[in-house]
Amino acid sequence: MYSVSRFKSIDGKPDEMEIETWAEAYFGSMMNIFNGFFCHVDINDALSRMVKIPFEKLVQEQLDGESQEVIDIAVVKVKDLADIEIEHIKAYAE
């Protein structure tokens with residue numbers, strides 16, 4: 001079976017900028033959903049829930065069928081964004 005990637009390739013390598021842009025949009029969409037729930041709980045409870053979210057697994061599920069290289073780039077970006085968000089929540093909670 002032939003599979004076509006949703007991402008462009010430059011000289012046989014996935015377009016990292018395009019993948020990171022997708023990851024940023026995906027993370028933003030997830031945070032919009034999560035914030036709908038987190039606004040109803042204490043900030044410390046929201047923080048404890050946020051650190052339990054399986055971001056890597058969620059990205060892998062969304063990119064099922066893509067190359068491992070594409071998935072790895074997206075996972076790193078989403079995990080970086082999640083770490084930044086968690087640090088902001090921690091700072092706000094203090």
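Of the 94 residues of the protein, 32% count as buried, a value that, like the others in this briefing, is computed from a predicted model. The protein has 4 helices and 2 strands, and from the N terminus on these elements follow the order β-β-α-α-α-α. Taken along the principal axes, the C-alpha atoms fill a box of roughly 50 × 25 × 15 Å. Among contacts between residues at least 6 apart in sequence, 63% join residues at least 24 apart.

**Packing of α2 against α4**

- Helix α2, which covers residues 43-50, packs with α4 at an angle of about 160°, and the axes of the two helices lie 10 Å apart.
- Because angles over 145 degrees count as roughly antiparallel, this angle makes α2 roughly antiparallel to α4.
- The crossing in which α2 passes α4 is left-handed.
- On the α2 side the contact involves I43, N44, L47 and M50, and these meet A82, E85, I86, I89, K90, Y92 and A93 in α4.
- Sorted by class, the residues of this contact between α2 and α4 comprise 8 nonpolar, 1 polar and 2 charged.

**Packing of α3 against α4**

- Helices α3 and α4 pack at an angle of about 140°, with a separation of 9 Å between their axes.
- In this pair, α3 passes α4 in a right-handed crossing.
- From α3 the contact draws on F55, E56, V59 and Q60, while α4 contributes I71, A74, V75, V78, K79 and A82.
- The residues in the contact of α3 with α4 divide by class into 7 nonpolar, 1 polar and 2 charged.
- A82 of α4 takes part in the contact with α2 and is also listed in the contact with α3.

**E66, in the loop between α3 and α4**

- E66 is placed in the loop that runs between α3 (55-62) and α4 (68-93).
- With a relative accessible area of 13%, E66 is buried, because the category takes in residues under 20% relative accessible area.
- The side chain of E66 makes a polar contact with the side chain of S5 at 2.6 Å, and the E66 side chain also reaches the backbone nitrogen of R6 at 3.0 Å.
- When residues up to four places away in sequence are not counted, E66 touches S5, R6, F7 and I71.
- Among these neighbours of E66 is I71, a residue that α4 also brings to its contact with α3.

**E87, in helix α4**

- E87 has its place in helix α4.
- The relative accessible area of E87 is 46%, and the residue is therefore partly exposed.
- E87 and F34 are 53 residues apart along the chain, and their C-alpha atoms are separated by 16 Å.

**D11, in the loop between the strands**

- D11 lies in the loop between β1 (9-10) and β2 (13-14).
- Although D11 is not a glycine, it has a positive phi of about 55°.
- D11 has a relative accessible area of 80% and is therefore exposed, since that category begins over 50%.

Terms used: Residues numbered from 1 in each chain as written. Predicted model: local features only at pLDDT ≥ 70, side-chain atom pairs only at ≥ 80, totals over all residues. Heavy atoms only, no water. Buried < 20%, exposed > 50% of the residue type's maximum accessible area, 1.4 Å probe, protein only. Polar contact = N/O pair within 3.5 Å; in protein donor to acceptor, adjacent residues only side chain to side chain. Contact = heavy atoms within 4.5 Å. Axes fitted to C-alpha atoms, helices over the stretch in contact; angles between N-to-C directions. Parallel < 35°, antiparallel > 145°, perpendicular 65-115°, else oblique. Left-handed = near helix turned anticlockwise from the far one by under 90°. Nonpolar A, V, L, I, M, F, W, Y, C, P; charged D, E, K, R; others polar.
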